[in-house]
Amino acid sequence: MHHILTHQSARDYYRLAAAGLLPLPYNSTASYCKNSVALLSCTHFNIAVLLRHALLPISKEAAQNAKSTPCEELIYKAIQDELDYELEKPLQFLVRPKKRCHKSHAYFYRSCNWKLPQGSFYKLSANESIVSPELLFLQMAAQLVELHLVVAFGCELAGRYALLPKGLVSIAKQTQNTSSTTMKSTKPSHFDGYVECARRTTASKLSEYIHQVESANSHITIPGLSIAKRALRYIKDGSRSPMETYCSVQLRLPRASGGFGASNAKFNVRINIDLSWQYILKKPYLVVDALFRARNAHTQRKCRDSVIEFNGRRWHGAHPQMNEDNLRRHALENAGYDVRFITGRDFYDFRTWNMIGESICYATGIFLRPASQKMINKRRQVHRDFCNDECLR
C-alpha cells in the first residue's frame, strides 16, 4: 500500500514542514497508489504543539475581528477554546488513470495520464510519498491559472520563506527583538503570515523539470504546462518574504499582464560601498533586496540603477529600524544608486504603489506610453489579489 500526497494537500504539507510541524520529505522514487486510501499520520496538531512552534490557530470569527483583538487575547482564547489544526480535508492522493476509487469526506483521488520524469516524488515514509516541489508547481499552475499567481507561487518554492496554511498565523517574531519571552499585545495585522525556511527548489530546477515533462509528453496536452512555461521567465531565487515576492513580481510582469514592465532586475545583490561608509555601518558591503538596472540606450537623459528595499511591517513583523535604513540610504546614494524603501503601507495603497512602480521604470530609463484602461484594470486586479490575506492559501 503506497500513497502519494498531491496538489493542495502537498502544498500545505510542505508549508507545515517548513514550520517544523511535519518531517521534511527526502528525494526518492515512488510508485502510484495501488490500494485504498490510508490517511497520513501526524496531520492533527493541538494548541500546545502549535504554540511550541510559535504558531497560533485562529478561528474564522477571530480572523474577522483581528484588527481589534490584541495578540495576548487571541492566544488566551485559543487555549480556552482548545483550538487545534489539521491538514484540510479531503486529503488528495495521486492514482493511476481509470482506477476505481472510493470517495469520502476524508480523501480524494486525482489521476495523472501523462508520463512523469524521474524525481517527481519524494519519500515521506515507507508507504507514503509526496509530489516533488517541481511537480507541485506544475499542478498548481493548472489550478491558479493567472500568470501573477503562478509566478508568485514559484517564487515561494524557490524562496527562503513559506506561507502558512489557512487558519494559522506565526507569532515567532513578536518576541524576537525583546529581552524576555513576554508576548506583546500586538494587533494580528502585524503577525507574520509566513515562516522562514530553506528553499524547496530553484528556478533552474523548475525550468529543467517543465522541459522534461514537455519532451516526454509531446503528443498530449498537459494541464498547466503553458502557463507554467510563461511563468518561468519571472521566477527568481531567494525571495525572503511574501511582500518581496509580490512587489517584485508586479514590477517585473509585462504591462498587459498587470505589471509595470521593469523586468531588468536582480535580487539579493551585493553592493560595494565607500570605505568611510564601511566604517560607519561596520560592514564591508551591503546586500540589497532588488536592483533594477538602468537602460541608457534608448534615452538621452542620464539614468541610474534603482535599489529597492522592502520594509513591509505587515509581513516582516518588526518595526523598521529607521536610523539604520537612513544610513543605508546615504551609503547607497553615495555609491550612485537611486534608492527606494517600500513599506507595506506604500504597497497596500494602489495609487501610491502605481506611482512608485512607474517612477522606478522612469528612473531606470524604461520608456512607457500612457497605460490603457485595460492595463490599469488588470494592474488593479493583480494588486488586489496580492493584497488579499488569503492569496495563495
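Reply: Setting aside neighbours within four places in sequence, Ala 78 is in contact with Ile 47, Leu 56, Pro 57 and Leu 83. The model is a predicted one. Ala 78 itself belongs to helix H4, which covers residues 71–80.

A contact between two helices is found elsewhere in the chain, where helix H5 (residues 133–144) packs against helix H7 (residues 203–216). The angle between them is about 70 degrees, and their axes are 9 Å apart. H5 is therefore roughly perpendicular to H7, and the crossing of the two is right-handed. On the H5 side, the residues that meet H7 are Pro 133, Glu 134, Leu 135, Phe 137 and Leu 138. On the H7 side they are Lys 205, Leu 206, Tyr 209, Ile 210 and Val 213. Sorted by class, this contact holds eight nonpolar residues, two charged residues and no polar ones.

Four strands form an open sheet in the order E13-E14-E15-E16, and their pairing is mixed. Strand E13 (265–272) and strand E16 (338–343) are the edges, each pairing on one side only. On average, neighbouring strands here are turned by 40 degrees against each other, with direction ignored. Strand E15 (residues 306–311) runs parallel to E16, and six bridges join the two. Within this pair, Val 307 stands opposite Val 339 of E16.

Two helices pack on this sheet. Helix H9 (residues 242–252) touches E13, strand E14 (285–292), E15 and E16, and its direction makes about 110 degrees with that of E13. Helix H14 (residues 350–363) touches E14, E15 and E16, and its direction makes about 160 degrees with that of E16. H9 is mostly covered, since eleven of its eleven residues are buried under the cut-off of 20% relative accessible area. Among these buried residues are Met 243, Tyr 246, Val 249 and Leu 251, and also Glu 244 and Arg 252.

Conventions
Residues numbered from 1 in each chain as written. Predicted model: local features only at pLDDT ≥ 70, side-chain atom pairs only at ≥ 80, totals over all residues. Heavy atoms only, no water. Pairing = 2+ DSSP bridges. Axes fitted to C-alpha atoms, helices over the stretch in contact; angles between N-to-C directions. Contact = heavy atoms within 4.5 Å. Buried < 20%, exposed > 50% of the residue type's maximum accessible area, 1.4 Å probe, protein only. Parallel < 35°, antiparallel > 145°, perpendicular 65-115°, else oblique. Left-handed = near helix turned anticlockwise from the far one by under 90°. Nonpolar A, V, L, I, M, F, W, Y, C, P; charged D, E, K, R; others polar.
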